[in-house]
Amino acid sequence: MTRTLTHGEQLLKINGVELCVETFGDRADPAILLVAGSAASMLWWDAELCERIAVAGRYVIRYDHRDTGRSTSYPPGEPAYSFTDLTLDMLGIQDASGIERAHVVCQSMFGGAGLILGVDHPDRVASLTFVSSSTGADDLPPPSGDLTMPAEPDTSDAAAVVEYVVAGARVYAGGSPYFDQSAIRALVERDVARARSYASTLVNHYAIEVDGPARGGFGDIAAPTLVVHGDHDPFLPLPHGEALRDAIPGARLLVLEGAGHDLPEPVWANFVSALVQHTKRDRP
């Protein structure tokens, strides 16, 4: 990019915790809140991707979940929060930013938080986008291919942690021709160095209470919805994205050819174009 669009990172007090938030672009533009997947800090929404969205006329917000990056962390294996708490964090970020209604993009596991937001707080959502996510229905296909992970590392050994996370990213790419090991390694090295407790990052999201909306399910989402899914996704094969599209009234599906359970750089142009079109106006 030829200019810097970020406004820098801020630590905000929200819902009794500290959340690290970074914004890009013009505050007067429609707001897009990017919600990363499990064990993923804001860095997994690449800064250049955020800038591309901002250049297209959107105000982009990315942030560190609890137990990732610079946000509040809990002892490993002892997360004191639920999906509902993470949803309230999203709303708290909107409140702190003076945003009544945001276009919310939820990735992977935290599509569950997007579900709670869309059903229980429809007045705060201009649109929803689910990336590499699922309805979780029992009849959907299991993971495909070899998802064998290496042995868990000694979390006091930063180099071993980096190797472990890079290996996991390779597995979740599902044989994608776009997997860039050097780029992923550089990202993971920054992520590990930046985290308050990467030992907590590795385990805590998988130990939280998985609750749902107070009422209803995916069929009760009224917000315009875009589903984005890679055709190489080994963890949640493409039928998961198709089921999500079918479950949400009026939802559309964008299939990213060559992508796994991730958003590699070669698919950014298609993703950004679809997202910008989807968030074209703040619908009542």
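Contact is taken here to mean heavy atoms within 4.5 Å, and buried to mean under 20% relative accessible area, with exposed over 50% and partly exposed in between (1.4 Å probe, protein chains only). Helices (H or I, at least four residues) and strands (E, at least two) are DSSP runs, numbered from the N terminus. The model is predicted, so local features need pLDDT of at least 70 and side-chain atom pairs count only at pLDDT 80 or more, while totals for chains, interfaces and linings use all residues. Residues are numbered from 1 along each chain as its sequence is written, and side-chain values use heavy atoms, leaving out hydrogens and water.

The pairing of α1 (residues 47-55) with α8 (residues 268-278) brings their axes within 10 Å, at a crossing of roughly 40°. Axes are lines fitted to C-alpha atoms, for helices over the stretch in contact, and angles run from 0 to 180 degrees between N-to-C directions. The two helices are therefore oblique to each other (under 35 degrees counts as roughly parallel, over 145 as roughly antiparallel, 65 to 115 as roughly perpendicular and the rest as oblique). Their crossing is right-handed, meaning that the near helix is turned clockwise from the far one by less than a right angle. On the α1 side the contact is made by E48, L49, R52 and I53, and on the α8 side by W268, A269, F271, V272 and L275. These residues divide into 7 nonpolar, no polar and 2 charged (Ala, Val, Leu, Ile, Met, Phe, Trp, Tyr, Cys and Pro count as nonpolar, Asp, Glu, Lys and Arg as charged, and the others, Gly among them, as polar).

F83, T84, T87, M90 and L91 of α2 meet G112, A113, I116 and L117 of α3, giving 6 nonpolar, 3 polar and no charged residues.

Turning to the cysteines, the whole structure holds 0 disulfides (pairs of cysteine sulfur atoms within 2.5 Å). The sulfur of C50 has its closest cysteine sulfur in C20, 13 Å away and too far for a bond. C50 is buried, with a relative accessible area of 0%.
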